Amino acid sequence: MPLPPPPSSPPPPCPASRESLSLNRPFLRSLLGWLRIAQLLLGAVCWIILAAHKYEGATYFAVFAAVLVWLLTLVLFGLSLLGRWTLIPVLGTHWLLTNILHDLLLGVIFFTAAASIIGYKARSINYCTLPGYSQPCSYTAYLVAAIFAGKTAFLYLLSGLYCLVRRFQGHHDII
């Protein structure tokens, strides 16, 4: 079989390769960047304390909520840090609005799930602090986890309000 004739025009150029990944330093230096780092640190402390101690009943939901909120924040932080939020089909075009909804919604969820449930559990077993009580008790762990959950929820609400103020000032980006 004969070979086809050579092309009459040169082949099209290769598509430009994606730019290399680099840190979005203005985001890292912004208030929102610092709030995200604080949210990740306090949230990790909260769910590590919960996971390291015995839990039952509604505390399972608190652990689930703490880990889910932490993972979603980690994804949001990573996309913002690398400046790759445009890779998300619908939410990437409205990144400031996505951050507002993430922070306000997850702040409320985290507060109700983690701080309320853990606070209730700590209050219900406060008899463990009585002198002479010798059984194992998770009162201190629940109390510390509730404090960290409350602080983390406050940081989520603070960052949500910060993004909301930026939105009302006419900004369309998180930086």
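**Figure 1. Residues lining the largest pocket of the predicted model**. The lining consists of Lys-54, Glu-56, Lys-121, Ile-125, Tyr-127, Cys-128, Tyr-133, Pro-136, Cys-137, Ser-138 and Tyr-142. A pocket is defined on a 1 Å grid over the protein atoms alone, as an open set of points where a 1.4 Å probe fits, with protein on both sides within 12 Å along at least five of seven lines; lining residues have an atom within 4 Å of a point. By class, seven of these residues are nonpolar, one is polar and three are charged (Ala, Val, Leu, Ile, Met, Phe, Trp, Tyr, Cys and Pro count as nonpolar, Asp, Glu, Lys and Arg as charged, and the others, Gly among them, as polar). The volume is about 180 Å³, taken as the space filled by probe spheres set on the grid points, which are joined across faces, edges and corners. Residues are numbered from 1 along each chain as its sequence is written, and side-chain values use heavy atoms, without hydrogens or water. Because the model is predicted, local features need pLDDT of at least 70 and side-chain atom pairs count only at pLDDT 80 or more, while totals for chains, interfaces and linings use all residues.

**Figure 2. The largest nonpolar core**. This core has 24 residues, and those with the most contacts inside it are Cys-46, Leu-50, Phe-110, Ile-118, Tyr-142, Ala-145 and Ala-149. A nonpolar core is a set of buried Ala, Val, Leu, Ile, Met, Phe, Trp, Tyr and Cys residues joined through side-chain atoms within 4.5 Å; buried means under 20% relative accessible area, exposed over 50%, and partly exposed in between (1.4 Å probe, protein chains only). At least two core residues come from each of α2 (31–52), α3 (59–82), α4 (95–124) and α5 (139–168). Helix α5 gives the most, with eight residues. Helices are DSSP runs (H or I, at least four residues) numbered from the N terminus.

**Figure 3. Surroundings of Cys-46**. Leaving aside neighbours within four places in sequence, Cys-46 is in contact (heavy atoms within 4.5 Å) with Phe-110, Ala-145, Phe-148 and Ala-149. Another core, of 15 residues, lies apart from the largest one and includes Phe-27, Phe-77, Leu-79 and Ile-174.

**Figure 4. Asp-173 in the segment after α5**. Asp-173 counts as partly exposed because its relative accessibility is 29%. Not counting residues up to four places away in sequence, Asp-173 touches Trp-85, Leu-96 and Arg-166. Cys-163 is 10 residues from Asp-173 in sequence, and their C-alpha atoms are 9.1 Å apart.
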